[in-house]
Amino acid sequence: MIRFFVKNAIVVVVLVVVGVVVGKYLQKSNNSYDQKIIVVPNFKSTEYLYSKIDLLGSKIALQDTLFLKSIGIQNPLQIASISVEPIVNVNDLINEKDKEFQLLNLMEANEGLKSIVKDTTLRKYYNFHSIKINTNGVVSSKNMIDPILNFLNKSSYYDAFKKINLQNIQNQIKIKEATIIQIDGILNQFSVATSQSANQKLVYYNENIDLDKVIKTKDSISDQIGLLKLKLYSADKIIKESGMVLNTKKYKSIQGKLIYLLPLVLVGLFIFINFFISFYKKQSVKAQEI
């Protein structure tokens with residue numbers, strides 16, 4: 001084997017170089033990219049999201065460029081496919097109370113955890129979902145992603161629902177903020193009373209006001225206001241995007257390894273052919289001797 005490689009060193013080096021060059025070319029010629037958008041369907045709009053994605057998928061498969069351009073996509077033929085799937089989180093399937101008990105019931109009813117997370121009927125319970133778009137070439141958010149998100153957020157029914165929901169959240173925040181002001185007033189009155197060192201008033205306030213409960217109530221309401229403000233921020237869209245990763249190069253199973261595999265394949269074929277020829281010659285000599 002050593003003698004073989006020494007004798008054919010130039011050929012082997014040439015084959016390795018050719019394999020590397022061809023592998024690089026094939027990798028660069030691959031023009032497939034993945035776009036990933038993480039979204040949160042608000043107002044129980046998960047099934048609406050999936051139906052919209054299915055509609056887009058069918059239009060892409062039919063190459064309905066008129067429809068795709070009408071929603072703002074500048075280069076519709078650049079899209080190869082689109083799909084959506086839930087980001088599985090078991091905690092989304094069960095409420096905060098009695099988690100373990102509910103999880104056991106779910107597992108028993110669905111024959112294990114794997115059945116639960118793969119069940120499409122449960123996708124509406126997951127908070128986050130991943131929209132995956134495969135494109136031919138690099139895309140920009142403005143030319144492709146934004147039009148798709150705008151299309152997903154067009155619904156007269158959910159728009160009305162969104163307005164009512166936002167108003168309800170704002171009203172809850174106002175009511176709780178007013179409650180905080182009232183609690184602050186009570187605490188201020190108690191502070192004034194104690195500063196004046198009026199013993200009778202001090203006893204009166206101690207008997208009628210549980211300061212510890214008042215302060216805990218204020219803290220609890222403050223936390224609720226914070227959560228409501230976060231909810232107000234996330235509820236400004238029907239389908240709220242929470243993050244995206246664009247233009248990730250997509251390789252097939254071996255396409256990303258061609259730069260290493262092709263040299264090995266070429267050298268391997270060269271070795272096989274040489275040893276086959278050598279074996280054939282030896283067998284031919286033996287056949288003639290017989």
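**Salt bridges, a buried glutamine and confidence**

User: How many salt bridges does the structure hold?
Analyst: The model is predicted. Salt bridges in it include Glu85 with Lys132, Lys162 with Asp159 and Glu177 with Lys229. The count for the structure is 7.

User: Which residue forms a salt bridge with Glu85, and at what N to O distance?
Analyst: Glu85 lies in strand S2 (residues 79–86), and its partner is in strand S3 (residues 129–136), so the pair, 47 residues apart, links distant parts of the chain. Glu85 is partly exposed at a relative accessible area of 38%, and Lys132 is also partly exposed, at 36%. The two side chains meet in the salt bridge Glu85–Lys132, at 3.0 Å.

User: Is Lys162 buried or exposed?
Analyst: Lys162 forms a salt bridge with Asp159, with the closest N and O atoms 3.9 Å apart. Both residues lie in helix H8 (residues 156–195), 3 residues apart, about one turn of the helix. Asp159 is partly exposed, with a relative accessible area of 27%. The relative accessibility of Lys162 is 19%, and the limit for burial is under 20%, so Lys162 counts as buried.

User: What sequence separation does the salt bridge between Glu177 and Lys229 span?
Analyst: The closest N and O atoms of Glu177 and Lys229 are 4.0 Å apart. Glu177 is partly exposed at 33% relative accessible area, and Lys229 is partly exposed at 45%. Glu177 sits in helix H8 and Lys229 in helix H10 (residues 211–234), and the pair links distant parts of the chain, with a separation of 52 residues.

User: What is the relative accessible area of Gln35?
Analyst: Gln35 is in strand S1 (residues 32–41). Beyond residues up to four places away in sequence, Gln35 touches a set that includes Ile131, Ile133, Val139, Ile145, Val245 and Leu246. Gln35 is buried, and its relative accessible area is 1%.

User: How far apart in space are the C-alpha atoms of Gln35 and Asn134?
Analyst: Gln35 and Asn134 are 99 residues apart in sequence. In the protein chain, residues 24 or more positions apart account for 83% of the contacts with a separation of 6 or more. From C-alpha to C-alpha, Gln35 and Asn134 are separated by 6.3 Å.

User: What accessible area does the nonpolar surface patch that holds Leu269 have?
Analyst: Leu269 is in helix H11 (residues 258–289). At 45% relative accessibility Leu269 is partly exposed, which means it passes the patch cut-off of over 30%. The patch is formed by Leu261, Leu264, Val265, Leu269, Phe272, Ile273, Phe276, Ile277 and Tyr280, and their accessible area together is about 930 Å².

User: What share of the residues of the protein chain counts as buried?
Analyst: The secondary structure of the chain comes to 11 helices and 4 strands. The chain exposes about 19,500 Å², with 59% supplied by carbon and sulfur atoms. Of its 290 residues, the share that counts as buried is 30%.

User: In which helix is confidence lowest?
Analyst: The mean pLDDT of the protein chain is 81, and 79% of its residues reach 70 or more. Confidence is highest in helix H3 (residues 46–61), at a mean of 94. At the other end, with a mean of 49, is helix H9 (residues 199–208).

User: How many contacts does the stretch of residues 201–205 have beyond near neighbours in sequence?
Analyst: Over residues 201–205 the pLDDT is below 50. Where pLDDT is low, the predicted coordinates should not be read in detail. With that caution, the number of contacts this stretch has in the model beyond near neighbours in sequence is 7.

Technical notes
Residues are numbered from 1 along each chain as its sequence is written. This is a predicted model: local features need pLDDT of at least 70, side-chain atom pairs count only at pLDDT 80 or more; totals for chains, interfaces and linings use all residues. Side-chain values use heavy atoms; hydrogens and water are left out. pLDDT is the predictor's confidence in each residue, from 0 to 100. Helices (H or I, at least four residues) and strands (E, at least two) are DSSP runs, numbered from the N terminus. Contact means heavy atoms within 4.5 Å. Patches are made of residues with over 30% relative accessible area and no salt bridge: like charges are joined within 9 Å, nonpolar side chains (Val, Leu, Ile, Met, Phe, Trp, Tyr) within 5 Å. Accessible areas come from the Shrake-Rupley method with a 1.4 Å probe; for residues, only the protein chains shown count as cover. Buried means under 20% relative accessible area, exposed over 50%, partly exposed in between (1.4 Å probe, protein chains only).
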